[in-house]
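Subject: Structure handover

Hi,

Here is the structure I promised to pass on. Please open it alongside this email, as the notes refer to it throughout.

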Amino acid sequence: MIVISFPLSILPDRATLPLTVNRIELTDIRAEYLQQQLTAITKNFGSIAGFIHLHPIMDIPNTSQISYLEIDKIIIKQIFLLAKHLKLSLNTAAELGYSCFCTVAHLDGCFGLENRNNFSAISGGLFGLTKSLNQEWSKVFCRAIDLSTEIDIVQSAQFILAELHDVDRCITEVAYNSQGRKTLTWETI
């Protein structure tokens, strides 16, 4: 397992990782540098067959305004670039068995529909990216997950793992809050 960490200038907090997990510390956010790092990962560790983005929980004041954080713009742009560079690797892995592209955000555990304004709306762009990739990369398992910040880290990990093993590929986005798992449905009126 490899964890790619954003530059400290963007995200100064780092989780402590087990010794069995390799961390690649990015020092730059240019597209060329990102591609170089992915090439180095492939050379040193083998083809990339899965990608999970854990979007950081941002400290957002509870106001009546919708938050649009600059740091979120930077991170989301990097995830779009990563998707571009991972296209071949993930699709090749899918042809050979299983591959995944998964994004995890912290809106409100209800797709941002609970009318809470203390989350960054920009991170909702991960859902659009994941749904688009699901259409374009038909053999790659794509899932976007919205986890309420009320859910602890152990339960969050269990929910993410459950989604990665879900056999229902018709669902592309799910949310979890204190009431459990939520999916979106539509109905004609």
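This is a predicted model: local features need pLDDT of at least 70, side-chain atom pairs count only at pLDDT 80 or more; totals for chains, interfaces and linings use all residues.

Five strands form an open sheet in the order β3-β4-β5-β6-β7, and the pairing is mixed. β3 and β7 (180-183) stand at the edges. Each has a single partner strand, so one side of each has no neighbour in the sheet. On average, neighbouring strands are turned by 20° against each other, direction ignored.

Cys100 has Phe141 in β5 as its bridge partner. β5 and β6 also pair in the parallel sense, over four bridges. Ile145 stands opposite Val174 in β6. Leu147 has Tyr176 in β6 as its bridge partner.

**Strand β5**

How many residues of β5 are buried? Seven of its seven, so to speak: β5 is mostly covered. Both of its faces are covered. Phe141, Arg143, Ile145 and Leu147 are buried on one side. Cys142, Ala144 and Asp146 are buried on the other.

Helix α3 covers residues 125-136, which is 12 residues. It reaches 17 Å from its first C-alpha to its last, close to the 16 Å expected at 1.5 Å a residue. Its buried residues are Leu126, Phe127, Leu129, Thr130, Leu133 and Asn134. They cover an arc of only 165° around the axis, which puts them on the same side of α3. Gln135 and Glu136 are exposed, on the face turned away from that buried side.

What covers the buried residues of α3? The cover includes β3 (50-54), β4 (100-105), β5 (141-147) and β6 (173-177). Helix α2 (70-96) is also part of it. α3 packs on the sheet and touches β3, β4, β5 and β6. The direction of α3 makes about 160° with that of β5.

**Helix α4**

Helix α4 (residues 153-164) packs on the sheet too. It touches β3, β4, β5, β6 and β7, and its direction makes about 155° with that of β5. The 12 residues of α4 should span 16 Å at 1.5 Å a residue. The end C-alpha atoms of α4 are 17 Å apart, which agrees.

The buried residues of α4 are Ser156, Phe159, Ile160, Glu163 and Leu164. Their arc around the axis is only 135°, which puts them on the same side of α4. β3, β4, β5, β6 and β7 are included in what covers them.

One point to check on your screen is the handedness: β5, α4 and β6 make a left-handed β-α-β unit.

Leu34 is found in helix α1 (residues 31-45). Is Leu34 buried or exposed? Its relative accessible area is 2%, so Leu34 is buried. Leaving out residues up to four places away in sequence, Leu34 touches Leu26, Gln78, Leu81 and Leu82. Leu34 and Leu81 are 47 residues apart in sequence, yet 8.1 Å apart in space, C-alpha to C-alpha.

**Two loop residues**

Phe111 is found in the loop between β4 and α3. Its phi is near 60°, a positive value in a residue other than glycine. For context, most residues other than glycine have a negative phi. Phe111 has a relative accessible area of 14%, so it counts as buried.

Ser138 lies in the loop between α3 and β5. At 58% relative accessibility, it counts as exposed, the cut-off being over 50%. Ser138 and Ala94 are 44 residues apart in sequence and 9.1 Å apart in space, C-alpha to C-alpha.

Best wishes

Key: Residues are numbered from 1 along each chain as its sequence is written. Side-chain values use heavy atoms; hydrogens and water are left out. The expected span of a helix is 1.5 Å times one less than its number of residues. Buried means under 20% relative accessible area, exposed over 50%, partly exposed in between (1.4 Å probe, protein chains only). The arc is that of the directions from the helix axis to the C-beta atoms. Contact means heavy atoms within 4.5 Å. Two strands pair if DSSP finds at least two bridges between them. Axes are lines fitted to C-alpha atoms, for helices over the stretch in contact, and angles run from 0 to 180 degrees between N-to-C directions. A crossover is right-handed if, with the strands pointing away from the viewer, the path from the first strand over the helix to the second runs clockwise.
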